[in-house]
Amino acid sequence: MIRRAVLVLLGLVWLGPTYLLLVNAARPADAYDPASAWVPSGDFALLDNFARAVEGADLGGSLVSTALYSVVSPLLGVLIGALAGYVIVVLRLRHGFWWFLLIFGGTVFPSQMLLVPLFVGYSDAGLYDTRLGLILIYTAINVPLAAFVLRNYYAGVAFSIFEAARMDGASTFRVFWRIYLPMSVPALTAVFILEFTFIWNDLIFGLTLTTTEDVRPVMTAIAGLMTDVYAGTPVPVGLAAGLVVSLPTVVLFLATQRLFARGLSLGSVQ
């Protein structure tokens, strides 16, 4: 009984910020009062606040760009990571473990360490404030996780499958494309969902590598909107924008949670 009461209490504490977000995002823009932030207003103005945010911060272009980044970069990342895992494990690349460490080792360093070199390099290469530039950096960041999961997955696949396909005359790439890649769809899907969520919610790279409204990710645009709270943007408008924009990742996870759990278990360390 005590344990249940403690768990309920902790759950309420954990959900407190979510409650505040929902209540105040749905409050009319001109009815926000910090003193009554915990009390619902009785009105539902969430969609009106979001429409005002879209108009004020021009979120339309940012949403389109973010959708592009969140789909293209994870697809490229999981494909390249699967190729890396296939070459290292199935084709038994010489010194494969060290190649894997080279791919995965970059994740050891904080992203903040990459910002200055990326800014300088992107400026010199003409990639600064371009969609191509963000697709490239998001893809590169996503490859290590995909390589890690798929390397572990392919290590648990019988090597006789590869040998049988080769004896039937299939090329090494055809074996990968027609056998190993379809076989690993659950693991690929799990990695894709994680990477989609990361890119959709990214702030730091969008803030560093973009300036124009049509190129910058939507979370960067919302962050710019929230910095104007004391310059005329009502708090409910900013909260509504953040809440509605976060819904795609929640919906995606809820719709694929079983496949997500299965994919991670298949890609776990053997």
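Q: How many aromatic pairs are there?
A: The count comes to 17 aromatic pairs, where rings of Phe, Tyr and Trp (its six-membered ring) pair if their centres lie within 6.5 Å; planes under 30 degrees apart count as stacked, over 60 as edge-to-face and the rest as tilted. The model is predicted: local features need pLDDT of at least 70, side-chain atom pairs count only at pLDDT 80 or more, and totals for chains, interfaces and linings use all residues. Residues are numbered from 1 along each chain as its sequence is written, and side-chain values use heavy atoms, leaving out hydrogens and water.

Q: Why is the pair of Y86 and F176 tilted?
A: The ring planes of Y86 and F176 stand at 50°, so the pair is tilted; the centres are 5.1 Å apart.

Q: Which helices hold Y86 and F176?
A: Y86 is in helix α3 (residues 59–90) and F176 in helix α8 (residues 172–183), 90 residues apart. Helices are DSSP runs (H or I, at least four residues), numbered from the N terminus.

Q: Are these two residues buried or exposed?
A: Both Y86 and F176 are buried, meaning under 20% relative accessible area, with exposed over 50% and partly exposed in between (1.4 Å probe, protein chains only).

Q: What about F100 and F148?
A: F100 and F148 form a stacked pair, 6.3 Å centre to centre with 25° between the planes. F100 is buried, at 6% relative accessible area, whereas F148 is partly exposed at 27%.

Q: Which charged end sits over the ring of F100?
A: That of R151, 4.5 Å from the ring centre; the rule requires NZ of Lys or CZ of Arg within 6 Å of the ring centre and within 35 degrees of the ring normal.

Key
Helix = DSSP H or I, 4+ residues; strand = E, 2+ residues; numbered from the N terminus.
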